[in-house]
Every structure is written in C-alpha cells, then in structure tokens.
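Open your viewer and switch to a cartoon view. We will take a short walk through this model, one selection at a time.

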Amino acid sequence: MPAGNWADLPQWPTSMLERVRKQAPRVHCLMNTVVQKLVADGLSALGAIPSMTSSTEEVQDFARKADALVVNLGTLDKQRREAIGLAVDVAAAREIPWVLDPAHCDYSPPRARFAQDLLQRQPTALRANAAEYGLLTVPDRVVAVETGVVDHISFAGQTISVANGDPLMAKVTGTGCLSGAVIAAFLAVDDDRHAATAAAMLVLGVAAEKAALSASGPGSFEPALLDALAALDGGDILERAKVTG
Ligand SMILES: Nc1ncnc2c1ncn2[C@@H]1O[C@H](COP(=O)(O)OP(=O)(O)OP(=O)(O)O)[C@@H](O)[C@H]1O
Ligand SMILES: Cc1ncsc1CCO
Ligand SMILES: [Mg+2]
C-alpha cells in the first residue's frame, strides 16, 4: 500500500503514469462547456482517450464504452442533470470509477444539493477547491481531494499531501477541472483509489512545474502544460515530488 510509504516506494506514481500511457483508458467527461477543450487536450497529452457528449440519447452508450467517468457541474442545466444521472447509472452498473467535481457549488444552493445527492451515489473520488469542499459531506468510501496550493487527498482516515504545482495553475481556467479528469484516468488503471488519486495530483503538479519553467504567463503556460504532460518521465517525478503522508 503506497499511502504512508512514499519514502520506500517512490516509483508507484511513475508506474501508474506508464500504465495510463500503455492502456490508454477511455475517460468519458460530463464536462462544463468552458473548459472542454483543455480537458480533452490534457487527457490526450497524458495518454488517455477523452470523450465528451452530454446528450441524453447517447450518454449511456458512451459511458458503456468508457473505463472511467468524470462528472463536472460547472455549467449545469436540466438536460445535463439528466445526462449525469444516466451516466452514473451506467458507471454504477459496470463498476467503473467515476469522479465528481462539484464546480461552483458554492455559488448556488441547488447545485450544492445536487452535488451532495451525487456524493450519496458513491463516486470513487471527489475533487473540489477549498470553497466547494467546505460545503460538502464526503461519505467514507469516497476519496476526498481538496485542491489548492497544497492538495490534500484523504481516504480511510489517512491523508496524502501533494505540494507540487505552480501559481500559474490558478491563472488558467480549468486546471482544477483537468485534475478531476486526470484522476479518472489514473483510477482506470489502478484499484488502489487513494494511491491512484494522489499519483494523478502529483503528475499534474510536476507537469505544471515543468511548464512554468518555459512559460511567460498564463497564455504560454497552457500549451506548455500539455507538452509537459506528454513528456513527463519518472526522473521528473522523483526529482520534484513533494509528497507527505
Ligand atoms: N497557488 C498555487 N500553487 C500551486 N498549485 C496550485 C495553486 N493554485 C492551484 N493550484 C493547482 O491547480 C489545480 C487546480 O486547483 P484549484 O483549487 O485552483 O481548482 P479550481 O478552483 O476548481 O480550478 P478551475 O475551476 O479553474 O478548474 C490543482 O492541481 C492545484 O494543485
Ligand atoms: C469559469 C467557469 N464557469 C462555469 S464552469 C467554469 C470553469 C471551471 O471553473
Ligand atoms: Mg473548479
């Protein structure tokens, strides 16, 4: 079990990244309309295969082909609520991992209620920023990720903290949404939900640090992040990892 043994087993995130690249998991995204392109490109750069429809006629067919699902509430409407319910039905029946990102649930009580109802359906992981996270009660079997300057990934009474990343991540809309999708890709290749979620946050954080080396601001950071996700190797991860837990 990697959690708690970071110093002894520092190769497990790299092994998971290699499996993502080799297995190319299909990640179906019910993604807000603001960041669909970044999330699709980020998953592709990582080595996963994104799909993105939210049509109620088709979403179950897409979910049946997927290895993991990410549900993001950023641009919620009636039809998307319905599509989310249909997709989660398939994920539950097929027992594939799914990740909930309750984007902007702190702006709207109905959205917060919807997010809490979805949590009762036992996603594999919740990924939220601090404002969103503080509003929700996370059931025991759900990996709870609170992102920010340091990411805290909690499960079964243990917390892994990942201090990698760069302030430019907060200047590009959708890095949090992308993190939920990256978590889904890692969950698709490893059954250890706590370790897989932490590895995903580490990989994104290290890629962001590499991207920041060449970026001159948010505009150039975004494509550099895609390049870094595609090029990342075990050496980068070992050299830069700031993981405790
Ligand atoms: N100041 C920072 N320094 C380092 N990493 C950061 C910083 N701010 C955010 N991050 C990283 O950026 C990613 C997004 O986290 P954040 O908490 O900003 O999500 P968010 O508010 O939901 O983002 P969005 O809604 O734009 O997708 C995480 O991987 C987090 O680690
Ligand atoms: C800016 C924005 N508005 C709805 S979703 C989204 C991107 C994730 O925060
Ligand atoms: Mg968000």
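**Starting at helix 1**

Select residues 12-23 to bring up helix 1, which has 12 residues. From its first C-alpha to its last, helix 1 reaches 16 Å, close to the 16 Å expected at 1.5 Å a residue. Keep in mind as you look around that this is a predicted model.

Now show side chains along this helix. Which residues of helix 1 are buried? They are Trp12, Pro13, Thr14, Met16, Leu17 and Val20.

**On to helix 8**

Keep helix 1 and helix 8 on screen and hide the others for a moment. Their axes come within 9 Å and cross at roughly 85 degrees, so the two helices are roughly perpendicular to each other. Next, pick out Trp12, Pro13, Met16 and Leu17 in helix 1; they meet Ala195, Ala196, Ala199, Leu202 and Val203 in helix 8. Color this contact by residue type and you will find nine nonpolar residues, no polar and no charged ones.

**Zooming out**

Finally, show the whole chain, with its 10 helices and nine strands. The C-alpha trace spans about 45 × 40 × 35 Å along its principal axes. Color by burial, and 53% of the 245 residues count as buried. Among contacts with a separation of 6 or more, 69% join residues 24 or more positions apart.

Note on methods: Residues are numbered from 1 along each chain as its sequence is written. Chains are lettered from A and ligands numbered from 1 in the order in which they are written. This is a predicted model: local features need pLDDT of at least 70, side-chain atom pairs count only at pLDDT 80 or more; totals for chains, interfaces and linings use all residues. Helices (H or I, at least four residues) and strands (E, at least two) are DSSP runs, numbered from the N terminus. The expected span of a helix is 1.5 Å times one less than its number of residues. A residue is buried if 20 or more other C-beta atoms lie within 10 Å of its own, exposed if 12 or fewer, and partly exposed in between; C-beta atoms are placed from the backbone. Two residues are in contact if their C-beta atoms, placed from the backbone, lie within 7 Å. Axes are lines fitted to C-alpha atoms, for helices over the stretch in contact, and angles run from 0 to 180 degrees between N-to-C directions. Angles under 35 degrees count as roughly parallel, over 145 as roughly antiparallel, 65 to 115 as roughly perpendicular and the rest as oblique. Ala, Val, Leu, Ile, Met, Phe, Trp, Tyr, Cys and Pro count as nonpolar, Asp, Glu, Lys and Arg as charged, and the others, Gly among them, as polar.
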